[in-house]
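The following briefing concerns the structure shown below.

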Amino acid sequence: EANRCLGEGMIGIKLYNQYKYSEPVLNPIAEKAIEHRVPILGHAGHCTDAATKAAQQRCSDAEDFCALARRYPEVMLIEGHISGGGDWEWTLKALRDCPNVFLDTSGSNMDEETIERCVLELGAERILFATDLSMEVGVGKILSADLDDETRQKIWWRNMKNILEQR
């Protein structure tokens, strides 16, 4: 399916919770993404409560993303939902040494200064604008963050443009 879709112009691959990113079963998908120079976006979160863990047993967290990123340093991974639940501060710490993992700003939960901390910990070049619920919530996160205009432009569109231009 990846071959067919990439041949038709697909610009990325999205995975959910079928497998953790740390599992070798994802290696062929990573290799295909590298071959076509497209990113892989994954649903993610560092679940901390028993109910969420039980409901999403195969949800990847930053350690899983980093495991795949270390096996394939050329792959471009996008960890979705910095504020989609769970411990987002743990996620930032885990991603520090994985430069080929980008982080998107989507998610329904938001703590004060989350976006600023993402930029501080990972660098503005690794943060990508995204929405999960409404456009207003997604836009509001970036507008309310204490960022200069250059940093906002990177997050809004420039970083993703740079990823897509590698195709």
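A polar contact is a pair of N or O atoms within 3.5 Å; within protein, one atom must be able to donate a hydrogen and the other to accept it, and residues adjacent in sequence count only if both atoms are side-chain atoms. The model is predicted, so local features need pLDDT of at least 70 and side-chain atom pairs count only at pLDDT 80 or more, whereas totals for chains, interfaces and linings use all residues. Residues are numbered from 1 along each chain as its sequence is written, and side-chain values use heavy atoms, with hydrogens and water left out. Helices (H or I, at least four residues) and strands (E, at least two) are DSSP runs, numbered from the N terminus.

**Residue N100**
- N100 is found in the loop between α5 and β4.
- With a relative accessibility of 12%, N100 counts as buried (buried means under 20% relative accessible area, exposed over 50%, partly exposed in between, with a 1.4 Å probe and protein chains only).
- A polar atom of the N100 side chain lies 3.4 Å from the backbone oxygen of A69, and the side chain of N100 also reaches the backbone oxygen of Y72, at 3.2 Å.
- Neighbours within four places in sequence aside, N100 is in contact (heavy atoms within 4.5 Å) with A69, Y72, P73, E74, V75, M76 and L77.

**The sheet and its packing helices**
- An open sheet is formed by 5 strands in the order β1-β2-β3-β4-β5, with parallel pairing (two strands pair if DSSP finds at least two bridges between them).
- β1 (13-15) and β5 stand at the edges with a single partner strand each, so one side of each is left without a neighbour in the sheet.
- Strand β3 (residues 77-79) pairs with β4 in the parallel sense over 3 bridges, and the bridge partner of I78 in β4 is F102.
- Helix α4 (residues 62-71) packs on the sheet and touches β2 (40-42), β3 and β4; its direction makes about 180 degrees with that of β3 (axes are lines fitted to C-alpha atoms, for helices over the stretch in contact, and angles run from 0 to 180 degrees between N-to-C directions).
- Helix α5 (residues 88-95) also packs on the sheet, touching β3 and β4, and its direction makes about 160 degrees with that of β4.

**Helix α8**
- The 16 residues of helix α8 (residues 149-164) should span 22 Å at 1.5 Å a residue, and the end C-alpha atoms are 22 Å apart, which agrees (the expected span is 1.5 Å times one less than the number of residues).
- α8 has a kink of about 55 degrees, centred on I155 (the bend at a residue is the angle between axes fitted to the seven residues ending there and the seven starting there).
- T151, R152, I155, N159 and I163 are buried in α8, and what covers the buried residues of α8 includes β4 (101-104), α6 (114-122), β5 (127-128) and α7 (135-144).
- At the start of α8, a side-chain oxygen of D148 comes to within 3.2 Å of the backbone nitrogen of E150.

**Helix α2**
- K32 is placed in helix α2 (residues 27-36) and counts as buried at 19% relative accessibility.
- Residues up to four places away in sequence not counted, K32 touches A2, N3 and L6; the side chains of K32 and N3 make a polar contact (2.5 Å).
- K32 and L6 are 26 residues apart along the chain, and their C-alpha atoms are separated by 9.2 Å.
- N27 also lies in helix α2, and counts as buried at 16% relative accessibility.
- Leaving out neighbours within four places in sequence, N27 is in contact with L68, R71 and Y72.
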